[in-house]
Amino acid sequence: MTNPVISVDRLSKYYQLGEVASAGGRFSKFLSLWRPETKLTEHNRDLWALKDVSFELEQGQVLGIIGRNGAGKSTLLKILSRITEPTTGTATIRGRVGSLLEVGTGFHPELTGRENVFLNGAILGMSQAEIARKFDEIIDFSEIGDFIDTPVKRYSSGMFTRLAFAVAANLDPEILIIDEVLSVGDAAFRKKSMEKIRDLMKSGRTVLFVSHNIGSISELCTSAILLDKGEILDAGEVGDVVGSYAKLISEDLIHGDGRGWHKNNISINRVWTTHSDGRDEQIFDLKDEIVVNMEYELHEDIDTMQSVMVVSRNMIEVFTSFDTDGHVEPIANRKAGRYHAQMRIPARFLKGGSYSISVLIGTLTDILIEVPSALQFAIEELTENTAFRSYKKERVGHIIFPGSWTTAQMDQDTDAGQLELAKGGT
Amino acid sequence: MSQQEDLNEVRIYPRTGFSFPDLREISQYKSLMFLLVWREIKSRYKQSYLGALWVIFQPLTMMSVYALFLGYVARFPSEGVPYAVYILCSITCWQFFNQSMTGAGTSLANQQALIGKIYFPRILAPMSASLSSFLDLAILIGLLVVVMAFFGIFPSPNAFMAVGILILIGFFAFSLGLALTVLDAFWRDVRHGLGLVIQIWYFASPVIYPVTLVPERFLHFYYMNPMAPLIQGFRWAVLGGDVSMPPLWSFGSSICVILIAFVIGLTVFQRLERNVVDYL
């Protein structure tokens with residue numbers, strides 16, 4: 001019992017990405033496969049997709065794996081699911097592994113749903129008897145009904161996904177490897193799937209979970225590892241690792257250089273974002289207030305001055321704000337000197353994503369200086385799973401919609417329906 | 001309980017050198033193998049009205065065309081048996097060999113969607129491809145029985161030996177397929193080249209002509225082709241009568257070649273199978 005369920009010891013995977021075009025290249029690659037003991041000649045186009053990765057996982061632990069694209073997450077899962085072999089290192093797995101690397105991969109379009117259930121079960125290493133025992137449960141969960149004897153190529157993509165997930169989740173693997181499966185299916189089924197996964201986790205299954213949705217990682221996982229360029233950058237408590245991830249992606253964002261921008265006797269020295277408590281930050285959570293700071297210097301007095309910030313998300317302007325907005329007289333006469341302006345973006349106003357801010361200083365009639373994309377910042381779904389929220393990052397749209405819906409059925413009970421509508425009208 | 005845990009413990013490490021296929025694991029996956037066979041068979045005749053009947057059209061057409069031009073017009077000898085029946089025997093063998101080898105030889109590349117996403121012992125891919133060609137063989141044999149009945153020919157008392165010969169042919173095709181399929185994963189040239197080789201091999205084997213047409217002094221070399229004694233042996237076992245039996249030594253050499261092909265095929269496969277997924 002004290003044995004870890006998964007122990008990974010200095011696992012590495014080397015990919016030769018050299019040109020495939022020349023037959024000679026392929027041949028020498030072939031030879032190096034034949035004699036893997038021979039020393040690998042490293043080319044600059046080759047890649048350690050995974051380098052010296054070690055960790056252990058106890059029974060019942062739920063481990064999230066996070067990292068940017070190409071960090072080695074998929075390679076790690078592929079090795080642990082035994083799809084490809086590591087170049088060096090070992091891993092030991094105790095228990096039956098069910099891997100959901102992509103839902104429905106074992107499905108064959110020409111076979112019926114029933115045949116595919118048995119095929120997929122066999123792929124997960126179950127005997128026919130075991131699958132037969134679970135069969136009704138699977139059909140119930142998938143909501144496929146009578147279509148079970150129809151070839152799956154006639155299924156809608158939703159039905160396909162539902163059946164595939166139902167098979168994988170109901171066949172009771174002891175260790176579950178999940179890669180981004182929750183991004184499929186319609187909302188109701190996704191919710192059901194989440195609940196199923198949560199149940200599996202509660203019932204002592206060991207789970208390895210990869211997702212780009214940091215919110216669902218925070219919600220579901222007890223611990224996490226952060227991969228970058230094939231190496232483990234951080235490992236431990238899920239909150240800490242998510243924090244390291246936030247720091248890592250903030251390094252990707254462009255920093256304004258120290259010298260600033262100058263035009264028409266105005267210098268914009270620095271534009272930066274801070275938390276409400278004043279510390280510098282470029283990655284914010286949905287529930288953080290964002291303070292945009294601008295330090296500028298006027299080398300002469302300017303009458304009717306206005307400073308402006310335009311906030312864009314994915315090249316689309318979300319709003320434009322003037323420092324004089326709401327003033328009785330929308331102008332300010334400013335003396336020469338240094339100024340520090342702050343614009344506060346309230347918490348839970350912008351949804352997750354990357355933002356850029358353009359700043360302008362001008363008068364009522366002229367633009368004196370304009371700095372497009374002076375600053376980037378990002379809002380991440382760090383603490384919240386936004387799967388069923390208007391502001392899920394992947395949805396179309398740019399704001400956190402504060403409204404709500406009511407829907408009344410009109411045809412079943414006419415009186416009640418009218419009553420409901422009447423109420424809505426007042 | 002502890003034994004159960006041992007069974008489920010999997011060690012993942014880079015294998016080096018030759019590794020023998022894990023027979024216990026393969027037997028654990030036997031239900032998957034049968035499903036793969038089923039999937040293969042079912043998808044082969046997907047959405048076709050005549051389904052498996054297509055299996056017999058090709059040999060039936062080949063038989064008719066050859067019987068007309070080679071048998072009737074060119075007067076090919078056929079060792080005292082109607083020419084049509086005579087060549088249907090050999091076409092059955094050849095079709096089985098060809099289909100089985102090509103199927104196994106392209107199995108990894110054809111199953112790449114599965115191999116890239118899911119683990120199973122990779123040898124299951126060529127195994128299931130090979131096994132699925134046995135169904136077509138059964139249909140072909142049914143056809144042969146019908147055609148023999150039509151011509152009023154009774155099988156010879158040695159017909160049971162034909163079963164052994166077919167198993168040898170299947171095993172030979174599988175052995176070649178093992179090596180071909182991993183090479184095919186690296187170079188798709190293999191499948192194109194294979195078509196050419198098979199064509200030449202077809203004419204180097206006694207499929208559409210009797211062995212008696214081969215000049216005596218070349219017969220020694222001729223029987224070194226491992227397929228030659230098997231096909232001629234099949235005709236002899238099924239038809240009996242005046243059909244000549246291949247010399248015993250040629251069966252011996254054929255079996256030797258098949259065993260060598262199996263060892264080489266398995267070695268190549270086991271050596272290259274591990275990382276084939278990275279190159280598919």
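This is a predicted model: local features need pLDDT of at least 70, side-chain atom pairs count only at pLDDT 80 or more; totals for chains, interfaces and linings use all residues.
Me: What is the order of the strands in the open sheet of chain A?
Reply: Strands (E, at least two residues) and helices (H or I, at least four) are DSSP runs, numbered from the N terminus; two strands pair if DSSP finds at least two bridges between them. Here four strands form an open sheet in the order S10-S11-S13-S17 of chain A, with antiparallel pairing. Strand S10 (261-263) and strand S17 (337-345) of chain A are the edges, each pairing on one side only.

Me: Over how many bridges do S11 and S13 of chain A pair?
Reply: Strands S11 (residues 266-274) and S13 (residues 290-298) of chain A pair in the antiparallel sense over eight bridges. Trp272(A) has Asn293(A) in S13(A) as its bridge partner.

Me: How many residues of chain A are in contact with chain B?
Reply: Contact requires C-beta atoms, placed from the backbone, to lie within 7 Å. By this criterion, 37 residues of chain A are in contact with 33 residues of chain B. S4(A) gives the most to the side of chain A that touches chain B, with six residues.

Me: Which strand of chain B pairs with S4(A)?
Reply: Strand S1 (residues 9-12) of chain B pairs with S4(A) in the antiparallel sense over four bridges. In S1(B), Ile12(B) stands opposite Ala91(A).

Note on methods: Residues are numbered from 1 along each chain as its sequence is written. Chains are lettered from A and ligands numbered from 1 in the order in which they are written. Two residues are in contact if their C-beta atoms, placed from the backbone, lie within 7 Å.
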